[in-house]
Amino acid sequence: MAKRPEHSAPPEIFYNEDEAKKYSQNTRIIEIQEEMSERAYELLLLPEDESALVLDIGCGSGLSGSVLEENGHQWIGIDISQAMLDVASDREVEGDLILGDMGQGMCFKAGSFDGAISISAIQWLCNADKSNHVPQKRLYQFFTTLYACLTRNARAVFQFYPENAQQIDMITNQALRSGFYGGIVVDYPNSTKAKKYYLVLMTGGVQQQLPAGLGTEESNTEQISYSKKREMTKNIRGKDVKRSKDWIMHKKERRRQQGNETRLDSKYTGRKRSGRF
């Protein structure tokens, strides 16, 4: 079995000049990256009649940004590899490029972006490449700062290559803790080569049903609902944070401060409902 790239070296070292050239010269890599970018863009559900500003996280050589450009949107890209950004610059992409580590957070003004996209990047945060790296903390720092810089009702779509179910749980749990809701869409779940994972996150508004993965029947999707993930967070800090009255009151107050429509408090707030999870 081939060694996973994230187990070979930290991303800023693995994506050196030689590796970066593949993203401008290897037609197969370019084709795969473009296909995944187009699918992520489709899941982003950006408005077709107006230009949006999108954050491209782990933008690499700018292939995903080019998909955004072709659909009439503006973008800003951030990547930890200078070699990859140099390739993007040589390709004369239209997006602004920033050198940065997404594990340190997204340092943008609140509500700056109408959406976010990421291709083959987020699984790198599950590694501890330095002695001070704690994957859960870096994921939480990333998701909380991303949540802050997105507009309300925005989406963020991440294509990624999970190593195992535990890694999926780690990523989705930290996203949930940060205020997002959403889940996993799996395309072609029965195919070893074509199977692709997309984490689709939303910041607010009416909760929508996630689409069926490509190559599946709608009743047989491999989506991971956040209603199931809530059960997995009940042991955080020794209490069921998703059922406590204090948590609910804090969440409602946060929604009010964000200007979102919120139900009024009542004697039933925080009370356990029979037959519900």
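**Exercise 1.** Which residue just after helix 3 takes a positive phi?

*Solution.* First, some ground rules: this is a predicted model, where local features need pLDDT of at least 70, side-chain atom pairs count only at pLDDT 80 or more, and totals for chains, interfaces and linings use all residues. Residues are numbered from 1 along each chain as its sequence is written, and side-chain values use heavy atoms, with hydrogens and water left out. Helices (H or I, at least four residues) and strands (E, at least two) are DSSP runs, numbered from the N terminus. Now look just past helix 3: L45 is your residue, with a positive phi of about 55°.

**Exercise 2.** Describe helix 3 from end to end.

*Solution.* Step one, the length: helix 3 has 18 residues and spans 25 Å from its first C-alpha to its last. That's close to the 26 Å expected at 1.5 Å a residue (the expected span is 1.5 Å times one less than the number of residues). Step two, the start: a side-chain oxygen of N26 comes to within 3.0 Å of the backbone nitrogen of R28. Step three, burial (buried means under 20% relative accessible area, exposed over 50%, partly exposed in between, with a 1.4 Å probe and protein chains only): the buried residues of helix 3 include I30, Q33 and M36.

**Exercise 3.** Work out how helix 2 packs on helix 3.

*Solution.* Two packed helices are described by the angle between their axes and the distance between the axes. Axes are lines fitted to C-alpha atoms, for helices over the stretch in contact, and angles run from 0 to 180 degrees between N-to-C directions. Here, helix 2 (residues 17-25) and helix 3 (residues 27-44) pack at about 75°, with axes 6 Å apart. So helix 2 is roughly perpendicular to helix 3 (65 to 115 degrees; under 35 is roughly parallel, over 145 roughly antiparallel, the rest oblique). Who meets whom? In helix 2, K22, Y23, S24 and Q25 meet T27, I29, I30 and Q33 of helix 3; contact means heavy atoms within 4.5 Å.

**Exercise 4.** What joins the side chains of R138 and D101?

*Solution.* Start with the place: R138 lies in helix 6. Next, R138 is buried, at a relative accessible area of 12%. Finally, a polar contact of 3.1 Å joins the two side chains. (A polar contact is a pair of N or O atoms within 3.5 Å; within protein, one must be able to donate a hydrogen and the other to accept it, and residues adjacent in sequence count only if both atoms are side-chain atoms.)
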